[in-house]
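Good morning, and thank you for making time for this. I would like to walk through one structure slowly, starting with the whole chain and then turning to single residues.

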Amino acid sequence: MNIQSAFDSGVAGFNQATERAAESAREINQQQVTQAQPNEEVVEVEASAQQNTPVTESLINLRLAETQAQASAKVIETADNMLGSLIDTKV
């Protein structure tokens, strides 16, 4: 196993997670969540619920980005530990 490729994979995954988190945060920021007033019709309430769907998807993508970043950090940590073990080994 090439340690450098493990580092590269971890860094690439972490960069993708960062980009995904930034995009999700941007989408959440752009959404305007409106609440229906008590005297509004049911049709308008349903339309409001449909507008919230992208916010939910953006929150899910944000959570996925967090998980991806944690997994990528673990890959980097494992590659670092492996390199440390190889350096400590006497030839």
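Of the 91 residues in the protein chain, 15% are buried, where buried means under 20% relative accessible area, exposed means over 50%, and partly exposed is anything in between, with a 1.4 Å probe and protein chains only. Before I go further, please keep in mind that this is a predicted model, in which local features need pLDDT of at least 70 and side-chain atom pairs count only at pLDDT 80 or more, while totals for chains, interfaces and linings use all residues. Residues are numbered from 1 along each chain as its sequence is written, and side-chain values use heavy atoms, with hydrogens and water left out.

As for confidence, pLDDT is the predictor's confidence in each residue, on a scale from 0 to 100. The protein chain has a mean pLDDT of 79, and 67% of its residues reach 70 or more. Over residues 33–37 pLDDT stays under 50, and for that stretch the model has 5 contacts beyond four places in sequence, a contact being heavy atoms within 4.5 Å.

Turning to the overall architecture, the secondary structure of the protein chain comes to 2 helices and 0 strands; these are DSSP runs, numbered from the N terminus, with helices being H or I of at least four residues and strands being E of at least two. Among contacts between residues at least 6 apart in sequence, 84% join residues at least 24 apart.

Some individual residues illustrate such contacts. Serine 58, which is found in helix α2, is buried, with a relative accessible area of 2%, and, once its neighbours within four places in sequence are set aside, serine 58 is in contact with Ser24, Glu27 and Ile28. Serine 72 is also found in helix α2. Is serine 72 buried or exposed? At 7% relative accessibility, serine 72 counts as buried, and, again leaving aside neighbours within four places in sequence, serine 72 is in contact with Gly10, Gly13 and Phe14. Alanine 22, by comparison, is found in helix α1 and is partly exposed, with a relative accessible area of 36%. The C-alpha atoms of alanine 22 and leucine 62 are separated by 8.3 Å, although these residues are 40 apart along the chain.

Finally, let me come to the charged pairs. The structure holds 2 salt bridges, a salt bridge being a side-chain nitrogen of Lys or Arg within 4 Å of a carboxyl oxygen of Asp or Glu. Arginine 26 pairs with glutamate 23, with the closest N and O atoms 3.7 Å apart. These two residues are 3 residues apart in helix α1, which covers residues 3–30, and so they are separated by about one helical turn. Arginine 26 counts as partly exposed at 40% relative accessibility, and glutamate 23 is partly exposed too, with a relative accessible area of 38%.

Which residue forms a salt bridge with arginine 63? The partner is glutamate 66, and the closest N and O atoms are 2.7 Å apart. Both lie in helix α2, which covers residues 42–88, 3 residues apart, or about one turn of the helix. Arginine 63 counts as exposed at 55% relative accessibility, whereas glutamate 66, at 37%, counts as partly exposed.
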